[in-house]
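Please read the paragraphs that follow with the coordinates open beside them.

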Amino acid sequence: MKVPLKWLQEYVAPSVPEDDLASKLTMAGIEVGERQAIGGSWEKIVVGQLVSVEPHPNADRLKLVTVDLGTEQLTVVCGDPTLKLGDKVPFAHVGATLIDGRSGEQFHLKSAKIRGIASQGMLCSEKELGISDSHEVIMVLPAEAPVGVPLADYLGDTVFDLDVTPNRPDCLSVIGIAREAAALTGQPIKINEPVYNEGGTPIERQVAIEIKAPDLCSRYCAGLITGIKIAESPPWLQQRLLACGMRPINNIVDVSNYVMLEYGQPLHAFDYNQIRGQKIIVRRANSDEIFVTLDGVERKLSQDMLVIADEQRAVALAGVMGGLDSEVSPNTTAILLESANFNPANIHHTSRLLWLTSEASMRYERGIRPELAVPALKRAIQLMLQMAGGEAAAGFIDVYPGRQEPTPILLSPELVTQLLGVEFSPDQIVTVLTSLGFNCERSASEIRVTPPYWRSDITIAADLVEEVARIIGYDRIPLTMLSRPIPKQDPKPIFRLKQQVMHSLVGYGFQEIICFSLTSREALNKAQTRADDDKPPLRLSNPMTTEQEFLRPSLRASILTALAANQRHEEGVIRLFEVGRVYLARPGDLPEEPEMVCGVMSGAGSKKSWHGEDRPVDFYDGKGVVEALFQQLGVAAKFEKGQDNGLHPTRQVAIAVNGQTIGVVGELHPEVAQAFEISVPTCLFEIDLSAVLPFASDHRMFQPIARFPAVVRDIALVVDKDTSNQQVTDIISSFPMVSQVAVFDVYSGAPVPVDKKSLAYRIRFQSIERTLTDEEVNDIQQQIMARLATELGVTLRN
Amino acid sequence: MLQQLEELKSNALQELASIADAAGLESWRVRYLGKKSALNAVLRGISCLPLNDRRAVGTLANQTKAALEDGLQQKELALREFDLAAIAGREAVDITLPGRPLPVGGIHPITRTIYEICDIFTSMGFQVVEGPEVEWDYYNFEALNIPEEHAARDTMATSWVDAETERGERHMLLRTHTTAVDPRVLETMELPIRVVTAGKVYRYEASDATHTPMFHQLDGLAVDKGITMADLKGTLYEFARRFFGEERRVRFRCDYFPFVEPGVEMAIECLVCRGAGCRLCGNSGWLEILGAGMTHPGVLERAGVDSQVYTSFAFGIGLERLPMLRHGIDDIRLFFGSDLRFLRQF
Ligand SMILES: [Zn+2]
């Protein structure tokens with residue numbers, strides 16, 4: 001909402017400087033954004049009057065115009081053919097700063113010769129002054145403009161651009177802002193009751209109003225003026241509309257807009273002679289009813305939309321926009337003026353469905369009050385009679401099915417203290433509320449407060465508390481800390497688990513990334529994730545782009561895309577991870593949202609360094625990270641043969657905790673790598689942290705450190721080629737006194753037979769009770785070998 | 001005898017000076033200080049000398065021994081220093097070559113911000129909770145006083161999820177603010193409550209330098225007997241003080257959010273111009289940081305909390321803005337571009 005201060009000052013004389021007023025409004029909830037100074041750059045521009053208009057001797061289309069500036073008369077060359085003797089115009093002296101009519105750039109006026117005649121200044125168009133886009137003609141000032149006075153003194157103003165919150169439709173008006181300014185600066189507000197002569201035939205005899213949808217139209221008022229003459233509005237009115245960002249059209253339309261800006265009540269003028277049957281019917285649209293709004297667009301309506309109709313057809317889309325064939329035209333001689341109130345939700349609904357918002361719909365959907373209809377109607381009739389002549393019909397029509405008596409709200413001063421934490425006296429409270437137009441009746445313990453009719457946002461006592469706080473000032477509320485005991489903590493440790501995982505991975509050299517949760521069908525297909533097999537991913541019903549159409553069921557597609565993108569400019573090792581949710585559909589309910597961690601590591605093996613080249617990443621790098629991670633989390637993870645479509649068929653494992661598969665790690669499937677254009681070996685892991693959570697307990701019991709020395713034995717075994725390390729270590733570690741077993745060499749090739757391989761283990765034997773003897777260890781080792789031989793056909797190497 | 005000792009001493013010391021290695025020094029020691037050395041023979045023979053000579057010879061012999069031992073020790077020291085210097089010289093490396101690189105990881109600036117803010121609020125007795133990102137219309141809007149066709153919905157363009165639901169009229173959406181967690185907390189948690197929740201939120205918006213369809217917020221909620229707006233101001237001031245620094249001025253002004261009454265907006269003094277007005281702050285001198293207020297009684301009652309007994313405050317912070325302001329990041333899309341050249345800077 002733009003408010004020119006000179007307009008505001010017609011209703012209130014704020015006792016404070018402009019800066020303070022802006023600051024007070026901002027602090028009270030109506031933020032003053034841009035402050036536009038009209039005429040701020042009008043130096044060396046004054047009001048002049050044409051005293052002679054002569055033809056230019058060397059050019060047919062140009063004129064020599066002499067302008068009286070009070071103290072001197074100067075002659076300029078001018079091309080505007082409409083100028084008349086006696087016109088008052090803005091005159092720019094040489095050196096003035098103006099805006100170029102064609103390019104829109106600022107320039108400094110220099111003295112110039114035009115077709116051989118020196119021009120000692122310039123007459124300005126509105127565009128050259130920066131008032132509007134009009135550049136065809138020289139701006140003509142009102143006849144009362146004082147000659148010789150700087151234009152900035154006469155026309156200059158400051159326009160506040162206010163950010164009005166959706167709860168305050170009353171502040172989408174100059175009077176609304178004036179009321180705020182009055183309360184904030186302690187000044188009275190003066191609004192004159194509009195008066196005019198209503199001499200014509202009683203309106204009831206000329207038009208009838210019927211509301212067929214009283215649930216959507218709580219009030220419909222109408223006035224009628226006949227014998228009007230459509231013309232341009234006077235310059236002062238046009239200037240104000242322009243300053244508020246509206247384009248002047250004609251005197252009738254301009255007045256409706258002016259009064260809307262002044263009172264906040266949208267008004268609509270119909271050409272009375274286009275209203276067939278002299279009847280206005282407020283009804284729901286028929287399904288598929290076609291209606292052409294005054295912007296010339298044909299629109300298909302539905303039954304949940306409200307229209308203003310005559311006996312034959314709709315003439316306006318209620319509260320949103322008028323119709324093309326009933327709008328005021330240059331030939332209009334009589335108008336029917338609507339000032340009505342419509343259901344906010346319905347207006348919002350219609351405007352949203354039709355993608356059509358207007359100054360009117362914006363006010364209606366925020367919920368203006370029906371009481372506003374009559375004062376605004378009267379004001380508009382008053383101004384229209386002044387601007388367009390004619391005769392107002394006697395009276396006005398007022399159909400008011402939605403009349404509601406204002407409900408008083410009981411406010412106890414204790415509630416103010418209870419909510420704000422600072423005490424205000426009943427006197428202070430009453431003073432503030434009264435200054436805002438509230439009616440206050442005091443009793444012993446409470447104040448009975450009736451909101452003024454224009455405040456649709458006040459319904460409960462807490463609303464009144466805010467009024468008190470914002471007018472007295474939020475600054476007056478002290479700073480205190482919560483003083484009651486800290487509530488019972490009921491920790492949801494997923495936050496901590498995520499934090500632990502992140503810190504571990506960062507320690508292993510991984511960089512965290514955050515990707516969009518929405519992804520494309522194409523990316524999902526590329527990653528070949530398991531979710532494709534069971535349930536389809538959740539889709540948005542209104543996706544903005546196909547890139548952001550599906551809720552990701554896996555973090556893989558985004559992290560692989562990120563990896564590929566980084567490989568284009570990154571040499572050597574890249575390690576990325578993301579912790580985030582995936583979305584798994586559940587019938588009839590919100591999706592499951594497990595927290596996942598997904599990591600990728602790739603070593604290009606090509607980074608030139610004096611230390612030698614990086615070794616390409618392989619399966620064991622990925623598995624090593626996962627092993628370290630689970631060790632740090634204190635969770636026992638088992639690795640089983642994996643069957644993940646996105647990973648290398650034989651270089652992957654499933655990670656199992658407590659018998660449940662909770663993740664995978666492995667090398668990327670060659671096809672997936674190709675699909676993402678990843679050309680170097682890459683490992684990927686994806687783990688469901690929500691599933692790990694129950695096992696990631698911090699509760700670990702201390703194990704005493706063994707006091708007796710361990711006996712360490714190294715053994716080299718020859719085993720079948722497809723015997724796994726796991727099979728061997730499972731057997732070895734099942735024996736008593738074996739505290740640790742670790743493979744330290746894997747070898748195949750001569751002299752080991754071709755169908756065999758050699759595995760070497762270091763076994764630690766240890767007792768927590770005593771020192772083991774060599775004989776004891778020899779005995780256990782023999783038992784181990786015996787079992788390995790019978791179960792796996794293992795022999796000792798050499 | 002005495003003269004012999006003097007000669008022995010001077011010969012020995014002269015010889016010592018020319019020794020250049022440990023082996024030479026050892027043979028010198030055996031020769032002059034060993035059991036079979038002349039000096040040792042003199043010392044052993046002292047008791048056989050005439051009484052008159054014993055004192056003089058004994059004194060001189062002991063002095064000689066001390067001198068030789070002293071010389072030996074110094075020579076040993078000198079030789080060791082010499083050897084060390086030789087080793088150091090041999091083993092010298094180009095210390096300007098870079099070390100063997102370790103992969104360096106890092107936390108995303110948004111995650112870092114979440115941790116930092118959660119730490120501040122947990123120290124004030126708030127605990128971290130989580131809520132769903134795919135949410136019912138009810139929790140995201142209706143429970144927060146934003147019914148269908150409320151004008152406030154226009155400021156939060158919504159992405160809807162295409163899902164059949166048995167619940168009929170309750171539509172599924174991507175939450176537009178983390179405030180949607182508040183009604184769930186009110187419904188399920190035991191009173192009193194102090195919680196914060198952080199996470200992703202979504203808007204139906206095209207990307208540009210200041211908008212992305214996904215971003216992050218942090219919301220806080222406190223419910224107890226006797227909670228006031230002064231407590232809200234104090235709590236938020238404490239947050240601002242710790243996050244932005246002791247000297248930064250803070251402003252509280254009236255603002256509107258449908259789920260609070262009275263509503264507050266907190267701004268801090270502009271980080272660039274410190275209040276003088278600049279491009280960053282739109283010449284206002286202030287940067288809006290968060291929205292807050294006293295939880296609307298309707299929100300409390302709807303979730304089954306007696307608003308006559310309990311009062312409550314709530315606040316919500318947009319998380320991208322904070323690192324953007326702190327580090328001078330001018331394009332929000334960088335956070336979600338996964339570009340290591342960006343992420344490694346934090
Ligand atoms: Zn600034």
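Helices (H or I, at least four residues) and strands (E, at least two) are DSSP runs, numbered from the N terminus. The model is a predicted one, in which local features need pLDDT of at least 70 and side-chain atom pairs count only at pLDDT 80 or more, while totals for chains, interfaces and linings use all residues. Residues are numbered from 1 along each chain as its sequence is written, chains are lettered from A and ligands numbered from 1 in the order in which they are written, and side-chain values use heavy atoms, with hydrogens and water left out.

In the loop between E8 and strand E9 (286-295) of chain B lies Arg274(B), which is not a glycine and yet has a positive phi of about 50 degrees. Arg274(B) is partly exposed, with a relative accessible area of 44%; here buried means under 20% relative accessible area, exposed over 50%, and partly exposed in between (1.4 Å probe, protein chains only). In chain A, Gln278(A) also has a positive phi, near 50 degrees, and is placed in the loop between strand E15 (268-271) and strand E16 (279-284); its relative accessibility of 41% makes Gln278(A) partly exposed.

One joins Glu261(B) and Pro262(B), with omega about -10 degrees, and Pro262(B) belongs to strand E8 (residues 260-269) of chain B. Another joins Ala750(A) and Pro751(A), with omega about 5 degrees, and Pro751(A) sits in the loop between E41 and E42 of chain A.

Chain B is divided into domain 1 (2-91) and domain 2 (109-343), with bounds that come from an automatic or database domain assignment. Taken over C-alpha atoms, the centres of domain 1 of chain B and domain 2 of chain B are 87 Å apart. Helix H1 (residues 2-18) of chain B has 17 residues and reaches 25 Å from its first C-alpha to its last, close to the expected 24 Å, where the expected span is 1.5 Å times one less than the number of residues. The buried residues of H1(B) are Leu5(B), Leu8(B), Ala12(B) and Leu16(B). Seen down the axis of H1(B), these buried residues fall within an arc of 60 degrees, so they line one face of the helix; the arc is that of the directions from the helix axis to the C-beta atoms. The face turned away from the buried side of H1(B) carries the exposed residues Gln3(B), Gln14(B), Ala17(B) and Ser18(B).

Grid points are joined across faces, edges and corners, and a volume is the space filled by probe spheres set on the points. The search finds four such cavities, and the largest cavity holds about 300 Å³. Its lining has 23 residues, of which Lys498(A), Val579(A), Ile114(B), Ala198(B) and Gly199(B) lie nearest the centre. Two or more lining residues are given by each of helix H14 (494-507) and strand E32 (573-581) of chain A and helix H5 (109-122) and strand E5 (193-202) of chain B.

Technical notes
1 Å grid on protein atoms, 1.4 Å probe; cavity = no way out; pocket = protein on both sides within 12 Å on 5 of 7 lines; lining within 4 Å.
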